[in-house]
Amino acid sequence: MSCLQPPENDKVAQKDYREDSNHSMATKLAPDEQDPSIKIKSMSISDDSGASDDQQMSLEKRYELITSIVDPNEKRTKEDDEELRNLLQRKPEPLAYDGFEPSGRMHIAQGVLKAINVNKLTDAGCRVKILIADWFAMMNDKMGGDMQKIETVGRYFIEVWKSVGMKNLEKVDFVWSSHEINSRAYEYWPLVMDIGRQNTLPRIIRCCTIMGRQERDNLSAAQIMYPLMQCANVFFLKADICQLGTDQRKVNMLAREYCDKIKKKDKPVILPHRLLPGLKEGQDKM
């Protein structure tokens, strides 16, 4: 079906981004026409005046920078801390993963807060993979399930992140769920099915809050698949760190439980960031 096709020629789109970037770098301004952004550099979320080089940053400083993104209300155990320290010691460039449904206009939490967190991760030597979850948006009926609109919003998300100051982009990979899944379907779908086989339906339904639904809602069959697929993303993308919001805790724990069931030693490290409250009365999050 045409609605399930991946975004048209991602490689061309990436080439366009590089060409745009190269063009802007080639444009020189006269001294009296200095780029005004230089004057407000100290206000930028990507100001790296205090950042240390990856090779020179100590293990302890990397640990402190990475854990600074964690919600302060999140209870972390000694085992959690040891798990992260061991990962940093074992891997000089661990992979952190987050995902977003292209669902409409981007709010401050999705844009600015995410850019701040990604900058901290890349400064600490991590590589970051951001999944543009187009198929997930369709399953969750975002943009009316129209894949063309979802793709447009996904590309808009990428441009917003770049414009608000997400830096070290050579360490950030924007990947589309439809493209990644289609390119390695022979790996992905057996993984999804095994996660489903290892869990009961009530356990999966408890995860439905990750997509802004409630257990009592009349869920579609696609929305039942959603937690299985999001759990599979962690392993499919080979993520060392799950850097999602606290609202995604249930599926993160599902991924760690799956590791126990298949006797996988290295579990994904969970580093949930805080959620910004909405501005409307009774709105728990943006």
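**View 1. The buried residues of helix H4 in this predicted model pack against helix H3 (59–67), strand E4 (241–242) and strand E5 (269–270).** Leu84, Leu87 and Leu88 are the residues of H4 that are buried. They cover an arc of only 95 degrees around the axis, and therefore lie on the same side of H4. Behind this kind of arrangement is the geometry of the α-helix, which has 3.6 residues a turn, so that residues three or four places apart point the same way. On the other side of H4, Lys78, Glu79 and Gln89 are exposed.

**View 2. Helix H4, residues 78–90, is shown from end to end.** With 13 residues at 1.5 Å a residue, H4 should span 18 Å, and this agrees with its end C-alpha atoms, which are 18 Å apart.

**View 3. Two arginine residues are shown with the rings that they lie over, Arg85 with Tyr63 and Arg184 with Phe236.** Arg85 is placed over the face of Tyr63, at 3.8 Å from the ring centre. For Arg184, which lies over the face of Phe236, the ring centre is at 4.0 Å.

**View 4. Tyr188 and Trp189 form an aromatic pair.** The structure holds eight aromatic pairs, and the one between Tyr188 and Trp189 is edge-to-face, with 5.1 Å centre to centre and 85 degrees between the planes. Tyr188 counts as buried because its relative accessibility is 0%, under the limit of 20%, whereas Trp189, with a relative accessible area of 28%, is partly exposed.

**View 5. One aromatic cluster is formed by Phe100, Tyr156, Phe157, Trp161 and Phe174.** Phe100 is also included in a nonpolar core, described with the next view.

**View 6. The largest nonpolar core has 36 residues, of which Tyr97, Phe136, Tyr188 and Phe235 touch the most other members.** The elements that give two or more residues to this core are the helices H6 (134–139), H7 (147–163), H9 (185–197), H11 (221–236) and H12 (249–261). Among these, H11 gives the most, with eight residues. A second, separate core of 30 residues includes Val70, Ala96, Phe100 and Met106.

View 7. Tyr97 is one of the residues that touch the most other members of the largest nonpolar core.

How values were computed
Residues numbered from 1 in each chain as written. Predicted model: local features only at pLDDT ≥ 70, side-chain atom pairs only at ≥ 80, totals over all residues. Heavy atoms only, no water. Helix = DSSP H or I, 4+ residues; strand = E, 2+ residues; numbered from the N terminus. Expected span 1.5 Å × (residues − 1). Buried < 20%, exposed > 50% of the residue type's maximum accessible area, 1.4 Å probe, protein only. Arc of directions from axis to C-beta. Contact = heavy atoms within 4.5 Å. Phe/Tyr/Trp six-rings, centres within 6.5 Å; stacked < 30°, edge-to-face > 60°. Lys NZ or Arg CZ within 6 Å of the ring centre and 35° of its normal. Core = buried A, V, L, I, M, F, W, Y, C linked by side-chain atoms within 4.5 Å.
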